Each structure stands twice: as C-alpha cells, then as structure tokens.
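Visitor: I have a chain here that I would like to go through with you. Could you take me through it piece by piece?

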Amino acid sequence: MVTKTISVNPAIVPLPCMAEIRGGFLNTELWSEIPKEQWIETEYALVKSTGLPMIVGLGYTAEQIRELAPMVKPFADAVELSTHYVGKDIAPIIGALRAAKAALDVPVFMKLSPHPNIQEIALALEEAGADGLIMINSFGPCLSIDLETGLPLMGSKDGFGWLSGAAIKPLALRCIYDAARVVKIPIIGVGGITNGRDVAEMFMAGASAVQVCTEAILRGPTVYGKIAKELNAFLDKHGYQSIDEIKGLTIRRMAERGAPKATRPPDVDMEHCNLCGLCIISCPYNAISKGEALNIDGDKCVSCGLCVTRCKLGALSMDL
C-alpha cells in the first residue's frame, strides 16, 4: 500500500478538488490535508495492521524531507518521494533523494512527472542512489469547464487541475519505456491503469510493478482484485507462465526487429466480423465498403491501421 504524500504542514486543498471528465480525471488534491501528526499517531498504524508492505509518500523539498524522514522511519518499508515539474533543473530532485537516503535505511523511490528529458533525470537519479523510479505523476496544469456555469470545474486560483486516469496512460507508457531502456533500477508504473491489460502494457514497457489510484476512486477498492484477475486471465490466454515473461517485452522486440511496418492492407476475418460498419465510418481514405462481406480496396488503403484498432471483435488484423 502506498500512503498519500505528506509534507511538513497539511495541504490547504482548494474546493471543489476532484472531477471525472471525459476520458480522465481532474484534481487539485496537492499533498495530504491530514497533519503529519495524525499520520504518525493513527494512519500509518492502520496501514501496518493490514500486514501489507507500506510505501510512505513524502514531499517535497530536501529540507522538508530531512524533517519528515525520521518521523516515518518506524513505519516505512520504503518511501516514495513525490517530485513535481522542476523544468530542466535536476538539482531539487537529487537534493530530495539525498536527504531521504541520509535519514533512512529503506528503499527510496522517486516519483517523476512526465518530463520530456526523462532519460536524463532517470540516469541522474540512478547514479545518485535511487532504489527505484515511479512514473508518472499527474499531468498538468489542465483546464475543464462546467458548461452550465461557465466556470472551471476546479476551485484553484486559476481553475486549473492535474490530469490523471485513462487519458495519461500513453504518456506514462512512453516515460516508462524511455527510462527502462537506460536504467537498471526497477520502475513502478502508474497513470491510467483501468484493467489487467493496462498492467500488461506497463510491464511490457519495462515496469516491475504498478500503482492504481484514480480507478479505485472512481470504481471503489474492489477494482484491485478485478485488475489482478484480469491480468492473470491475460497471461493465461497468451500462454505466459509468469509476469516476468512480459517484463520489458517491448524493449526486447524493438531491439530485435524495430518498429512495426505495415506493407499491405488489413486482413478481414468474416467469422468475427458482424458488418457493423464502424471501420467504414472512420476510414479517412474511403477504402472500406460492405456487401455480403467486408471489402478493403487495396488501391485506396494506405495501411494506416485505424480500422484494426477500432474493431472490438478482432475481425481485422495487419501483417506487421
């Protein structure tokens, strides 16, 4: 279990602070609004009572972490240091890591925002002694508007919030994939996991474990068991004996053969096609038509792949 990030003082959270939006989730949650004293006196003991390993979230500056680390030391099996966007200056992140490493004898994981220079930061943190990386933090700032009032959904000063949920999964996967290709320390993937297949993607990109938060907020805590069962079902269906078999699979496949290259139009399996016409509607090249069967015009089709990803019945496939 990963506890919510605490800092020296409790957060003053602007309200409203959470909203489900199309494709994702917006929040202005900051760090915990519960004081550190309550966490130390009550909350951490409740987590410990489950018997599960506990990763304690701490933030944000080196000075704050130097004060907090000794307080959480009796409880933490590991710590997660949350770092938000700091531009291209890595020094604040390294400073926070060193402060935690000096005060604690448990693994220190660094949670990163989706920086464009993620490889540079990952390598610097590995060299500075990080035991692992967690990526990514929510993305932002972002804006969503209530059309009935014309006001932002969030109660922050400018109405901005931070995006999480399904919308940021491709961004999280890019960061994991980028970092996993250059570091040897483990990566915990987080950002947009809604089902077991999402977990499999995270592992294929190079993650060694995953975190889930937003989906549990939206669907309730039983989602964790659901995701675990779906992951097992995916592994069984594809003949994998262990999750270790898919860890870093995309990195290995790309090294072996490079990026996929389409050379001809998709194949149609009429045993699975119900002629729903979704692929016809979305084909930007007007290459698909239907009669008694689905037809793809090879002269018009450019093998863009859109129809394959839109077909939920598995009736279309591409030779890559």
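Visitor: How do strand 2 and strand 8 pair, and over how many bridges?

Guide: Strand 2 (residues 24–27) and strand 8 (residues 161–164) are antiparallel partners, held by three bridges. Within this pairing, N27 has W162 of strand 8 as its bridge partner. Helices (H or I, at least four residues) and strands (E, at least two) are DSSP runs numbered from the N terminus, and two strands pair if DSSP finds at least two bridges between them.

Visitor: What kind of model is this, and how are the residues numbered?

Guide: This is a predicted model, in which local features need pLDDT of at least 70 and side-chain atom pairs count only at pLDDT 80 or more, while totals for chains, interfaces and linings use all residues. Residues are numbered from 1 along each chain as its sequence is written, and side-chain values use heavy atoms, with hydrogens and water left out.

Visitor: Back to strand 8. How does strand 7 join it?

Guide: Strand 7 (residues 139–142) runs antiparallel to strand 8, and two bridges join them. F139 has L163 in strand 8 as its bridge partner. Strand 7 also contains P141, and the peptide bond between G140 and P141 is cis, with omega about 5°.

Visitor: Where is the other cis bond, the one at Y60?

Guide: That cis peptide bond joins G59 and Y60, with omega about 0°. Y60 lies in the loop between strand 3 and helix 2 (62–72).

Visitor: Which residues other than glycine have a positive phi?

Guide: L275 has phi near 55°, and S303 has phi near 65°. Most residues other than glycine have a negative phi, and most peptide bonds are trans. L275 sits in the loop between strand 11 (267–268) and helix 10, and S303 in the loop between strand 13 (294–296) and helix 11.

Visitor: Is each of those two buried or partly exposed?

Guide: L275 counts as partly exposed because its relative accessibility is 24%, whereas S303 counts as buried because its value is 14%. Buried means under 20% relative accessible area, exposed over 50%, and partly exposed in between (1.4 Å probe, protein chains only).

Visitor: What about the second largest pocket: how much space lies in it?

Guide: About 990 Å³. Of its 22 lining residues, R197, E201, M204, T250 and R253 are the closest to its centre. Helix 6 gives the most to this lining, with six residues. On a 1 Å grid over the protein atoms alone, a pocket is an open set of points with protein on both sides within 12 Å along at least five of seven lines, a cavity is a set where a 1.4 Å probe fits but cannot get out, and lining residues have an atom within 4 Å of a point. Grid points are joined across faces, edges and corners, and a volume is the space filled by probe spheres set on the points.

Visitor: And T250, where is it and what does it contact?

Guide: T250 is in helix 9 (residues 249–257). Leaving aside neighbours within four places in sequence, T250 contacts Y177, M204 and A205. T250 is partly exposed, at 30% relative accessible area.

Visitor: How many cavities of 30 Å³ or more are there?

Guide: The count is one. The largest cavity holds about 100 Å³ of space, and 15 residues line it, with C283, I288, C301, C304 and C307 nearest its centre.

Note on methods. Contact means heavy atoms within 4.5 Å.
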